[in-house]
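Q: Could you walk me through this one? I'd like to go piece by piece.

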Amino acid sequence: MTTITLISGSPSRQSKTAEIANRLEKELLKRGHHVHVIHVQDLPAEDLLHAKFDSEAIVQTHEWIREADAVMVLSPVYKGSYTGILKAFLDLLPEKAFSGKIIAPIVTGGTIAHLLSIEYALKPIFSIMGAKEILHGVFILDKTIQRDETGEIFFPSDIEERIKEVLESISNNQALI
């Protein structure tokens, strides 16, 4: 069984990005994976802002990342990059926290211009943190996120297919078996 940690860097629990993290958790559990979800906005603000590396909440997230075979990092794009709260969290991780791990970035943004945030903002930090492999990731334009009659989110078929490819890459990666 593969262990996957999801990190949602949204500052709001009600955001589309947080909902995507919850949807991915359900899908990964259906596929038989062990899943940890870190909603960074749920961590104590004082721990993040004052860099309390020894805080119980922060130490727990480090353990979940250490246990993970793969990490999916989700963030909305603000001002051309990932969120400040996600940056504060990443700064508290050990230098090589992603060493030997497969990383999958999932980003939501208001314009197609935000697509480059995966390549120019997220991938460099994942590389510095020792990622074994960084998947292409998925960029989701905010206006393409839809809701069905039950309130669940869904995407256009091309986005659904890219999410499926990322999940299959993680599920089927020989390095994880």
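**Around G100**

A: Happy to, bearing in mind that this is a predicted model. Leaving aside its neighbours within four places in sequence, G100 is in contact with D69, G130 and K132.

Q: Where does G100 lie, relative to α4 and β4?
A: G100 is in the loop between α4 and β4.

Q: And is G100 buried, partly exposed or exposed?
A: G100 counts as partly exposed because its relative accessible area is 46%, which falls between the 20% limit for buried and the 50% limit for exposed.

Q: How far apart are G100 and R66?
A: Their C-alpha atoms are 9.9 Å apart in space, while 34 residues separate G100 and R66 in sequence.

Q: Switching to the inside, which residues touch the most other members of the largest nonpolar core?
A: In that core of 31 residues, they are I7, F89, L90 and F98. The elements giving two or more residues to this core are α3, β3, α4, β4, α5 and β6.

Q: What does F98 touch, beyond four places in sequence?
A: F98 touches a set of residues that includes I7, I65, V71, L90 and F126, and also G130 and K132.

Q: OK, pockets now: what volume does the largest one have?
A: The largest pocket has a volume of about 210 Å³, and α1 gives the most to its lining, with 5 residues. Both α1 (16–30) and α6 (157–172) supply at least two lining residues each.

Q: How many of the lining residues are nonpolar, polar or charged?
A: The lining has 8 charged and 4 nonpolar residues, and no polar ones; among the lining residues are R23, K26, E27, E160 and L167.

Definitions and conventions. Residues numbered from 1 in each chain as written. Predicted model: local features only at pLDDT ≥ 70, side-chain atom pairs only at ≥ 80, totals over all residues. Heavy atoms only, no water. 1 Å grid on protein atoms, 1.4 Å probe; cavity = no way out; pocket = protein on both sides within 12 Å on 5 of 7 lines; lining within 4 Å. Points joined across faces, edges and corners; volume = space filled by probe spheres on them. Helix = DSSP H or I, 4+ residues; strand = E, 2+ residues; numbered from the N terminus. Nonpolar A, V, L, I, M, F, W, Y, C, P; charged D, E, K, R; others polar. Core = buried A, V, L, I, M, F, W, Y, C linked by side-chain atoms within 4.5 Å. Buried < 20%, exposed > 50% of the residue type's maximum accessible area, 1.4 Å probe, protein only. Contact = heavy atoms within 4.5 Å.
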